[in-house]
Amino acid sequence: MSNFREIGRKIIGVGRNYRAHAAELGNQVPTKPILFLKPTSSYISQGQKIKIPKGCSSLHHEVELGVVIGRHGNDIQESKAMDYVSGYLLALDMTARDFQDEAKNKGQPWSLAKGFDTSCPVSEFIDKSKIRNPEQIGLWLKVNNTMRQNGNTKDMIFSVPYLISYISQYFTLEAGDIILTGTPSGVGPVTAGDVIEAGLADLVSIKFEVEKKGT
Ligand SMILES: CC(=O)CC(=O)C(=O)O
Ligand SMILES: [Mg+2]
């Protein structure tokens, strides 16, 4: 697959997949994956800007490894899960934290907090062959040149094969689906004019500017 966007379908987010991130937000460590969906209208790529959604006063960055699914499957065995991966990308799971906190308090879904337009900035597609072990790869994020997140996928609670197997019991996976595997600690707010840079080992880096919607 050269361009996941041509056939991109679902964006499946995994929440609290790093202990230190669950702790920094005062959340419990999950015993099974916490899943949410972002619409494909939330994708942006380099050159486009992250827009703070209307009414949001706390937009947070979350850098994540994205796993790109290469073929159709359901009830996938963990031992076969990597056969369903075509590649990876680096993604930002931009989160309207104030919307999310309100939703959590009211027992409502996270759709608005996670799925607004521009909430899923992504890098170019990285072929599977370039990452031998997705369980051991560094990822970092800077805001205005200051390091905010500096993690490694070795600290994920649920591995990539486990996530694929688990998710496929409930959602049929299709070529072009993306799994956002959760964020390491260090999440924090950004405001209009900030510049976010992020990288995945020495494979790819991305840069996005933040602005208010409507500017
Ligand atoms: C609390 C969250 O927003 C969960 C999430 O997306 C994560 O990466 O963890
Ligand atoms: Mg996230």
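What we have is a predicted model, where local features need pLDDT of at least 70 and side-chain atom pairs count only at pLDDT 80 or more, while totals for chains, interfaces and linings use all residues. Residues are numbered from 1 along each chain as written, chains are lettered from A and ligands numbered from 1 in written order, and side-chain values use heavy atoms, without hydrogens and water.

Let's start with the record. An unreviewed UniProt entry annotates residues 10–210 as "domain: Fumarylacetoacetase-like C-terminal"; such annotations may be inferred rather than shown by experiment. Over that stretch, the chain is 15% helix and 35% strand, with the end C-alpha atoms 24 Å apart. Helices (H or I, at least four residues) and strands (E, at least two) are DSSP runs, numbered from the N terminus.

Now, the ligand. How many residues surround ligand 1? There are 14, and the closest are R16, E62, E64, D93 and K114; a residue is near if one of its heavy atoms lies within 4 Å. That shell has 3 nonpolar, 5 polar and 6 charged residues, with Gly counted as polar and Asp, Glu, Lys and Arg as charged. β1 (11–15) and α2 (97–106) each give at least two of the shell residues.

On to polar contacts, meaning N or O pairs within 3.5 Å. A ligand 1 oxygen is 2.7 Å from a polar backbone atom of R16. For side-chain N or O atoms, a ligand oxygen is 2.9 Å from E64 and one is 3.3 Å from H21.

Methods:
Polar contact = N/O pair within 3.5 Å; in protein donor to acceptor, adjacent residues only side chain to side chain.
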